[in-house]
Amino acid sequence: MVKAILVHKHGGPNVLSFENIILPELGQGDVLIKNHAIGLNFLDTYFRSGLYPVPKMPFTVGSESAGEVVAVGVGVTRFKVGERVATVSNFGAYAEQRIVSETALVKLPESISYMQAAGILLKGLTAEYLLHRTYRVKQGDIILVHAAAGGTGQILVQWAKSLGAIVIGTVGSNEKADIALSLGIDHVINYSEGNFASKVREITQNKMCDVVYDGVGNATFAGSLDSLKPFGLLASFGSASGAVDPFSLSMLAAKGSLYVTRPTLATHISKPETLAGMAKRLFDAVATGIVSSDVGLTVKLEDAAEAHKALEARKTSGATILIP
Ligand SMILES: NC(=O)c1ccc[n+]([C@@H]2O[C@H](COP(=O)([O-])OP(=O)(O)OC[C@H]3O[C@@H](n4cnc5c(N)ncnc54)[C@H](OP(=O)(O)O)[C@@H]3O)[C@@H](O)[C@H]2O)c1
């Protein structure tokens with residue numbers, strides 16, 4: 001029996017229930033992990049609330065954790081008992097122990113602690129594909145990162161700066177503006193104070209952005225399109241303020257032959273060899289100081305509801321870690 005956070009019905013943070021569960025027997029290719037640190041992600045709130053569908057009820061919420069291998073199933077070839085690992089998968093992370101397919105695991109280098117890994121793996125892999133695959137950021141590009149002081153935002157800002165981009169970020173408060181500035185961002189806009197696209201126009205002297213990274217979704221979608229130069233790309237990768245409403249394709253024509261994509265990490269890490277390569281690039285970026293993971297808040301696993309409340313109330317910055 002292990003302690004875990006279960007969801008029996010969709011709803012607000014209070015549907016997160018701390019209970020005993022019995023994990024099933026290990027199947028072919030499965031690995032049992034004792035979690036030492038669990039990453040909180042906005043994604044977890046979508047499955048909890050029902051914005052994203054879940055395969056069954058009840059389910060153990062949580063997508064990211066780091067820990068040690070305590071048992072391996074038949075056919076596991078790449079991992080052994082005692083190894084330090086981390087994983088990203090949609091469910092099962094908010095628990096003292098979890099079962100994961102070996103295809104979803106990465107080995108942790110000695111230089112990365114469990115806390116660091118749980119704070120950076122999912123968000124950092126997302127930044128990896130957004131900056132290197134969705135759009136290849138290069139020297140001199142002008143980019144806009146929404147929620148720049150958030151978990152994913154902080155990593156995007158630091159990594160994009162190291163690639164030579166001119167980085168503009170949006171934040172919801174002056175405290176968060178200070179955090180973004182401490183990361184070396186070039187310009188910061190408090191988007192709660194008005195039209196951020198017109199600020200982008202002012203800052204860039206009408207040049208506008210090559211790419212906008214938008215994890216905020218509905219509230220920023222229109223302004224994100226208005227922040228792009230002709231042929232610019234909007235990477236709409238999340239829905240912190242709600243899902244983007246349906247829109248007419250002709251709007252992209254009218255605003256300058258724009259591109260829009262809605263990428264997911266799941267598509268990018270569906271092959272274990274791609275996951276390993278992306279994780280290596282991320283861990284190298286951490287080791288060389290390009291990216292650091294600011295753990296803003298640490299919460300006991302049993303208090304996961306408090307962590308969800310803080311995240312959804314925009315009270316967190318950087319990563320939040322749940323400790324089992
Ligand atoms: N597609 C993918 O592969 C992928 C992978 C990872 C994450 N994501 C997405 O990336 C986004 C960021 O995730 P994260 O876990 O790093 O969270 P986070 O950025 O730490 O937290 C979300 C932030 O969004 C901003 N926000 C703006 N409007 C909001 C609203 N109405 N309600 C709540 N927050 C609002 C807040 O920052 P301000 O107060 O500064 O506005 C808040 O702190 C999420 O949308 C997530 O789903 C997508």
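Q: How do the residues of the shell around the ligand divide by class?
A: They divide into 13 nonpolar, 13 polar and 4 charged. Ala, Val, Leu, Ile, Met, Phe, Trp, Tyr, Cys and Pro count as nonpolar, Asp, Glu, Lys and Arg as charged, and the others, Gly among them, as polar. The model is predicted: local features need pLDDT of at least 70, side-chain atom pairs count only at pLDDT 80 or more, and totals for chains, interfaces and linings use all residues. Residues are numbered from 1 along each chain as its sequence is written.

Q: Why is the ligand said to lie between domain 1 and domain 2?
A: Domain 1 (2–121 + 269–323) and domain 2 (139–262) both give residues to the shell, so the ligand lies between them. These bounds come from an automatic or database domain assignment.

Q: What makes α2 mostly covered?
A: Of its 21 residues, 17 are buried. A residue is buried if 20 or more other C-beta atoms, placed from the backbone, lie within 10 Å of its own.

Q: Where is the kink in α2 centred?
A: The kink, of about 45°, is centred on Ile120. The bend is the angle between axes fitted to the seven residues ending there and the seven starting there.

Terms used
Helix = DSSP H or I, 4+ residues; strand = E, 2+ residues; numbered from the N terminus. Buried ≥ 20, exposed ≤ 12 C-beta atoms within 10 Å, placed from the backbone.
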